[in-house]
Every structure is written in structure tokens, then in C-alpha cells.
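I opened the structure to look up ring pairs, surface and pockets. My notes are in the order in which I looked.

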Amino acid sequence: MELLQSGLKLRQLQIFREVLRAGSTRRAASALGISQPAVSQQVKQLETALGITLFERSTNRIVPSREAWELLRNVELALTSLGRLEASIFAMKNEERQQVAIAAPPVFGFVTLPKVVATLRTKTASTVRSISGNYEEVGEHILSGRADLGISRLPLDPRLFEWAPIGSARNVCIFHPKHRFSKLSCIEAHDLAGETIVDIDPEFASHQMNFNALRFAGVEPDILVEYDSNGYEVGFVSAGLGVSITNEIIAREYSAFELEARPVDPSALYHYVAIWQRGRTFSSTMQVSLDAIRSAFANSLPANDIARDMVQPALAVRR
């Protein structure tokens with residue numbers, strides 16, 4: 001705490017971060033609008049205050065140490081939190097212009113989040129900060145205060161989060177419109193024999209379920225590409241490089257790619273929710289944002305008319 005008790009020390013952390021981002025004191029100085037000697041001096045003062053050598057120095061360059069990269073992770077978190085604190089204080093003083101931060105897997109930036117932003121633009125003077133991450137990271141963003149609302153999936157810990165249902169989905173197979181699957185009404189495990197597959201990483205439960213179904217049917221999966229986040233598969237499938245198994249809610253984010261989709265048997269059921277930190281008091285902007293997320297899911301067209309009724313009754317949110 002003593003390190004951060006003056007604006008000068010905070011400035012040292014900001015300069016340190018910029019040096020690592022820019023890769024040199026010269027480029028950091030240019031980005032910050034100060035002199036290169038001033039940058040070097042602030043970095044040296046930070047090293048003295050910490051008692052750690054952050055950079056190895058040679059004639060023309062400085063090389064970050066292992067300790068510097070470790071420190072950067074914590075500095076990023078601290079400065080991001082301070083930025084959120086400033087925004088929160090500003091919002092309390094000026095309710096009509098608040099920034100709302102929404103955390104969601106990147107795939108929801110294709111269709112759903114643009115609809116949310118369009119609604120907020122119409123109904124409020126607020127701006128949006130979109131924060132990406134997998135479902136676990138979305139929860140971390142909410143709990144750390146980096147995000148006000150998130151889009152995630154059940155199960156979640158009710159001791160930490162509250163949520164409103166926004167949709168349920170079953171598995172579908174997505175493929176190029178000229179693919180032979182366009183003649184089928186449902187894709188079964190034996191249909192995938194001989195097909196190259198674009199599949200999510202083995203650590204995901206959906207991967208295990210799909211592969212177990214294939215092997216039970218005597219089909220050994222032919223994996224062409226593995227991806228670690230929904231959204232990557234659509235490019236490979238659009239290029240005709242393989243088919244992929246996802247779910248109805250994710251598939252409808254791909255409407256601009258003109259892919260086709262069919263139900264998959266066997267299938268799993270996924271429940272999507274809008275989440276926030278338990279006990280959080282809603283501002284008017286957060287309430288409008290939550291309503292906008294619900295509306296975006298309710299009004300999205302199902303993937304190729306195969307999705308079921310995915311919108312559940314809205315929950316009343318405590319103010």
C-alpha cells in the first residue's frame with residue numbers, strides 16, 4: 001500500500017507498463033508524450049522502490065527480466081481496477097452518462113452484443129466496454145469488478161452470482177451450404193464417418209461427449225483443426241475445410257456467414273444466462289443493459305429455423 005500512496009508512484013507503474021507494451025523507452029516516451037530520459041528515470045526509481053531489477057541494460061536497449069513480466073500482470077490488474085473505479089465515481093456523479101462493462105465469450109460480438117449496444121445507444125447516453133473471455137473468465141471479470149454484467153452458461157455458484165435466463169440450446173452441426181449434410185434433417189454419429197472435423201479443445205466437456213458418441217458408433221474422428229474459443233471454427237467451416245458441432249445459440253451468431261445447420265443426435269442441453277455479482281445494486285443503466293441482453297437473445301433468429309423456444313420468462317431484478 002505504501003508504494004501507491006503518491007501520484008508519482010502510480011505514474012511510475014503506468015510508465016513501466018508502457019515500456020513493456022512499447023518494447024523500448026523511446027517508443028514508450030513517444031506514446032506517453034514525455035522525454036526518454038524521464039521514462040528511464042521513473043523506471044529506475046521504481047526499481048529502487050521495489051528493490052528489484054526489472055530490466056537488463058545494454059548500450060542501445062533494455063531487456064525485461066522475468067520479474068518484470070510477473071509484475072506486469074499485477075500492474076495491469078491494478079491499473080484496470082483503478083480505471084473502473086474512476087468510471088464508477090464518474091457514473092455516481094453523472095448517472096445519465098455511465099459506462100457499462102459487459103463480459104462475454106468473443107463469439108457474442110458477432111450478433112448479440114451489437115444489438116445490445118444499439119439498444120443502449122437508443123435508450124441511454126451510456127457507452128459500453130466489451131470484455132472477452134471464456135465462461136470461467138467471464139465469472140472472474142464479474143467478481144473482480146471489471147465487468148458489470150456477463151453472458152455465461154449454467155452451472156454457476158449461487159453464492160457468488162445472480163442471473164436471469166436468456167436461452168437454452170441443443171447441439172447442431174454447422175457446415176458449408178454445398179455440403180451433403182444439407183440433404184439431411186438430423187446429423188447422427190455415423191453420418192460423420194469420413195468427414196474432417198473442426199472441434200473444440202479436448203478439455204471441454206462437449207468435446208468428450210461428441211467423441212464418445214462417435215466412437216460408440218464405431219467412427220474414429222478425423223480432426224483437422226482444434227480451437228480453444230467459439231468463433232474460430234466458423235472461418236474453417238466457411239472455407240469448406242470441415243464440419244463442426246456447436247449449439248443453436250452459438251450457431252445463430254454465424255448468420256452472416258451463410259452456413260447451414262442441422263440438429264445433432266445425441267445432443268446436450270445448454271442453459272445461457274445473463275449474470276452479475278450477487279447482491280449488486282442495479283443502476284438504471286445496468287437495468288437497461290440487462291433488458292437489452294434479454295431482448296437481443298429473444299429477437300435473434302434461430303439458426304436455420306432449427307432452434308427451439310430458447311427464451312425463458314424474465315426474472316425480476318432487485319434494485
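The entries below go through aromatic pairs, a surface patch, a pocket and one distance.

**Basis.** I am working on a predicted model, in which local features need pLDDT of at least 70 and side-chain atom pairs count only at pLDDT 80 or more, while totals for chains, interfaces and linings use all residues. Residues are numbered from 1 along each chain as its sequence is written, and side-chain values use heavy atoms, with hydrogens and water left out.

**Aromatic pairs.** I took rings of Phe, Tyr and Trp (its six-membered ring) as paired if their centres lie within 6.5 Å, calling planes under 30 degrees apart stacked, over 60 edge-to-face and the rest tilted. I got 9 aromatic pairs by this rule. The Phe108 and Phe297 rings have centres 5.8 Å apart and planes at 50°, so I logged this pair as tilted. Phe108 sits in the loop between strand 3 (99-104) and helix 5 (112-123), and Phe297 in helix 10 (residues 284-299), so the pair ties together parts 189 residues apart in sequence. Helices (H or I, at least four residues) and strands (E, at least two) are DSSP runs, numbered from the N terminus.

I found both Phe108 and Phe297 buried; buried is under 20% relative accessible area, exposed over 50%, partly exposed in between (1.4 Å probe, protein chains only). I also looked at Phe175 and Phe181, an edge-to-face pair with 5.7 Å centre to centre and 90° between the planes. Phe175 has 0% relative accessibility and counts as buried; Phe181, at 0%, is buried too. I noted a cluster in which ring pairs link Phe108, Tyr135, Tyr272 and Phe297.

I then turned to the second largest pocket, which holds about 300 Å³ of space. A pocket here is an open set of points on a 1 Å grid over the protein atoms alone, where a 1.4 Å probe fits, with protein on both sides within 12 Å along at least five of seven lines; lining residues have an atom within 4 Å of a point. The volume is the space filled by probe spheres set on the points, which are joined across faces, edges and corners. I listed 14 lining residues, of which Thr25, Gln36, Asn60, Arg61 and Ile62 are the closest to the centre. Helix 2 (25-32) and helix 3 (36-50) are the elements giving two or more residues to this lining. Helix 3 gives the most, with 4 residues.

**Leu113.** I placed Leu113 in helix 5, and at 11% relative accessibility Leu113 counts as buried. I read 10.0 Å between the C-alpha atoms of Leu113 and Ala103, which are 10 residues apart along the chain.

**Surface.** Leu241 is partly exposed, with a relative accessible area of 41%.
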